[in-house]
Amino acid sequence: MGRKLLLEKAHVEGIRYYDTYRREGGYRSVEKALNTMSPEQVVDEVKKSGLRGRGGAGFPTGMKWSFIAKPEGIPRHLVCNADESEPGTFKDRYLMEFIPHLLIEGLIVSSYALGSASTYIYIRGEYAWVADILEQAIAEAKQNGWLGKNIQGSGFDCEIYVHRGAGAYICGEETALIESLEGKRGNPRIKPPFPAVKGAWDRPTVVNNVESLAAVVPIINMGGEEYVKIGMGKSTGTKLISACGNINKPGVYEIDMTISVEEFIYSDEYCGGIPNGKRLKACIPGGSSVPILPANLLLKTAKGDTRMMNYESLSDGGFATGTMMGSGGFIVLDEDQCVVRHTMTLARFYQHESCGQCSPCREGTGWMHRILRNIETGKGKSSDIDLLWDIQRKIEGNTICPLGDAAAWPVAAAIRHFRDEFQWHVDHPEESQTRNYGLAHYADPLQVPVTA
Amino acid sequence: MSEEKKLIKVTIDNITVEVEPGTSILNAARQIGGDVAPPAMCYYSKLKGSGGKCRTCLVEVAAGSTADPRPMPKLVASCRTNVMDGMVVKNITSEKVIDARKGIVEFLLINHPLDCPICDQAGECKLQDLSYDNGAPGTRYEFPRRTFEKHDLGPYIQLHMTRCIMCFRCVFTADQLTNQRVHGILDRGEHAEIATYISKSLDHDFIGNVIDVCPVGALTDKTFRFKNRVWFLKPVDAHRDCPKCSGKVQLWFRGDEVFRVTARKDQWGEVEDWICNECRFEKKKAADWVIEGPTKVDRHSVISANHYVGMHKPTEIEPEVMGRNPRLLMDIHSVSEVNRPEIDLSRLPGPAHSDNFNGIENK
Amino acid sequence: MIQFSEEKLNKVKEIVARYPEGKQKSALIPVLHIAQDTFGGWLDAPVMDYVAGLLQLEPIEVYEVATFYSMFNLKPVGKFLLEVCQTGPCMLNGSDDIIAYITEKLGIKPGETTPDGLFTLKPTECLGACGYAPMMQLGKTYREHLTREKVDQIIAEAKQQ
């Protein structure tokens, strides 16, 4: 049983409410930070912990914090990114829904570290009831002296506000989120300047994912050095994985990044295997944007090593044979699923969510979706597969924000690993409407090159 | 004398130039000029906040600066990236850039209508220029092109949303030249459009400038609509004493008739001085203006159709093969009555008729 | 007449106070949510003009924002808006079948409203409930692990309200 730092208490009866949360040891990190540490020491502790941003990019949180500009007389802001919208990802919602005070606690400590007196939680608009839960938790925290003026006699003032979005995946991109927080369209900004210098209302701003900020609580409680000991290599601490698709036990799991992908899928502690005795065909392990892998490459790396559930191992082999940890949205496809159809729904998603600001993404995402729809519905041509490849190649890297890459990668990976399934759709337009390509060779053992 | 600003060096396509700190790569490249200057569809030096969106000006940064000579991992928008001392940039010398730009042009064109023959912008359209320079001859897009509901923007400005490339220039223009913006970007993704939401006419005194900043035929002058082709018109610099604006304009003549009035533009096609609606739409008589002289028009443009700068004439191979210039072997007039040199077809009052060639002298 | 109640105006004031002074535009999205809830589940142009007035914005600034975000309805919708997720993970678990079933049961196509004005079917993209698929958003809540029987039940419940 892996160690749990975030969700350990998530199922204690009444943990959603302040009294229980406090009784279970809540808000100790705020006491420790505000009474015994300077803001710089808090930043150092987070740096030492090696915590990597849990929103998808995996950038070290402590480093991000140290970039914040501190011009005299200009307020700084911490903004919590709770705009969880990446298909396959629902971990932040779980955390906020079940143990909201953990996030509030993390936010207070982080606000102290960054000098943010007004901190905002930008939550996706559809999570309306979660916003209510957070507002209630904030009110409780305030009643008990953890927010407001001169918190716990430390001289530190802080307020937390919940800001609901209104349906736009792009607002998970930090500069689009800032624009949206300012009441504008969620068009990502052109960087530089970076938010750490000029963010919300042109003030220095740090935007962090919910899980990253919640992880600050155990880091402060146990110390950065202890936190590093959990996990492997540069994958320190624990990670929330939201598992979905064709598995027996979909849900949110906290893992300590030392388990294998195979164990995660098949053990009863986690996903519990694939329903109805079906076999594994493919998996997108880190949210819809990261490359899809066929079963054989998912469970073992191209070198023949067991693939582990951590940042390094998942990306072993680069995009040619590996994938990414991403946001931890773990999507499993069984042998009866169609990769073409699945890729088409993702392309449709990115078309729907493109902000329309820059040309490659605005025009390219819709184009890819239309071609994929043709192939899926038996109207595709062989040349369409090459065309798709070329379109994704011309979007990737050429857009203002990473949504372009996020739209390109799933298409690229699907063609890279499942090209014969696409070709089968093209060659068998009628048959492909009545049955799926099936497992084919996607789970066959890989030939590992023998090295002397 | 103020202290001399320290200039920094940047090398673009192997040409080194010294510029002031804070200069963008694009503007540094414009100082060099010619092909080294990346094309820009959305950036407009006179509009704050513009640029970065169309991605046609992407360049490769092969070395970030002398202090940190690492290359930048992705192509960058040259209009929104500032130069550093010792930076090495590749524009037309980079295969990656050429390839990416070709892709961008394709993206801009897949939903753009092929209505150049009836588009008033044809001949001075930045997208036409861009496509000729960087585009492919055919299209790979096999789906119906995007259409929009029509919006009326009032008596002066015609909106063709299907032609729009979402450069945002007209929005910045309204924001920065007028105190009340009534049009903007609505909807999102590929459905994003320029509109007023509820039909409103754009009638601020300076709103006509959106026509000049529009790189394509999305916003055109209603008073000039379908009146003429720009390549038939002769642009002339002129001015008048205008209480609202600088009054410095270009008049576009055919014969002695003024067909339209626009602001004057610099070599990058950007407006030099904003002009007011009265100058633009109401003063269509030569007598309203003091004529200064013919305008120099950038000939690297579709406006000079068939006269491209740098166009190579095919080599005559006959002298090479024959060892001498070919001689006229047969005089057509000796065998045909039709092409008699004394009959000047252009002088005939109507279409040519067989009578015209029946040995009757051209009357 | 388009006018918030005293209570809602106070709420607007409280929201505006969350943001730096002079940055009242930041309150736009939260206030549009209130407006949509108050004035019939959609944002008519006069409603948006009212919000623009409240926050001292140009109307176009409000239109730009309202048309960007998918939760704002710019046309009237049924009393119950059935927003069924159709993205990857939900598709793997049969969301296509749920959409087809609702279409058949209510006799409306995606995007349409039943003649009695009760139901609108709107297939949407990922709502962040992938582990509980297939699912739909109904008002402020999510209905998860949908089956045909559950859809029947949801529709029957709604009709009784």
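Let's start in chain B, where Ser201(B) sits in the loop between strand S8 (193-195) and helix H5 (209-213). Keep in mind that this is a predicted model.

**Around Ser201(B)**

- Setting aside neighbours within four places in sequence, Ser201(B) makes contact with Leu153(B), Gly154(B) and Pro155(B).
- His151(B) is 50 residues away from Ser201(B) in sequence, yet their C-alpha atoms are 9.5 Å apart in space.

- Strand S11 (residues 248-254) of chain B runs antiparallel to S12(B), and six bridges join the two.
- One of the bridge pairs puts Gln250(B) together with Thr262(B) in S12(B).
- Why call strand S12 (residues 257-263) of chain B largely enclosed by the rest of the structure? Because six of its seven residues are buried.

**Domains in chains B and C**

- Chain B splits into domain 1 (8-106), domain 2 (111-304) and domain 3 (318-357).
- Taken over C-alpha atoms, the centres of domain 1 and domain 3 of chain B are 54 Å apart.
- Chain C is assigned domain 1 (6-68) and domain 2 (80-160). The C-alpha centres of domain 1 of chain C and domain 2 of chain C are separated by 29 Å.

**Chain A overall**

- Chain A holds 18 helices and 11 strands.
- The radius of gyration of chain A is 22 Å, and a compact globule of 452 residues would come out near 22 Å, so the two agree.
- Of the 452 residues in chain A, 60% count as buried.
- Take the contacts in chain A between residues at least 6 apart in sequence: 72% of them join residues at least 24 apart.

**The five-stranded sheet in chain A**

- Five strands of chain A make an open sheet with mixed pairing, in the order S8-S7-S11-S9-S10.
- Which strands stand at the edges? Those are strand S8 (251-255) and strand S10 (293-294) of chain A; each has a single partner strand, so one side of each is left without a neighbour in the sheet.
- Further in, strand S9 (residues 280-284) of chain A pairs with S11(A) in the antiparallel sense, over four bridges. Across that pairing, Ala282(A) is opposite Leu333(A) in S11(A).

**A two-faced helix in chain A**

- Helix H2 (residues 28-36) of chain A has Ser29(A), Val30(A), Ala33(A) and Leu34(A) buried.
- Looking down the axis of H2(A), the buried residues fall within an arc of 110°, so they line one face of the helix.
- Asn35(A) and Thr36(A), on the other side of H2(A), are exposed.
- What do the buried residues of H2(A) pack against? Their partners are helix H3 (39-49), helix H6 (100-114) and helix H9 (210-222) of chain A.

**Where the chains touch**

- Chain A puts 47 residues into its contact with chain C, and chain C puts in 35 residues.
- On the chain A side, at least two residues each come from helix H7 (128-143), strand S3 (159-164), helix H8 (174-181), strand S7 (239-245), strand S11 (329-334) and helix H15 (339-353). H15(A) gives the largest share, seven residues.
- By type, the side of chain A that touches chain C has 17 nonpolar, 20 polar and 10 charged residues.
- Chain A also meets chain B, with 22 residues of chain A in contact with 26 residues of chain B.
- Helix H2 (residues 95-110) of chain B supplies the largest share of the chain B side of that contact, six residues. The side of chain B that touches chain A divides into 15 nonpolar, four polar and seven charged residues.

Key
Residues numbered from 1 in each chain as written. Chains lettered and ligands numbered in written order. Predicted model: local features only at pLDDT ≥ 70, side-chain atom pairs only at ≥ 80, totals over all residues. Domains from an automatic or database assignment. Contact = placed C-beta atoms within 7 Å. Nonpolar A, V, L, I, M, F, W, Y, C, P; charged D, E, K, R; others polar. Rg over C-alpha atoms; globule rule 2.2 N^0.38 Å. Buried ≥ 20, exposed ≤ 12 C-beta atoms within 10 Å, placed from the backbone. Pairing = 2+ DSSP bridges. Arc of directions from axis to C-beta.
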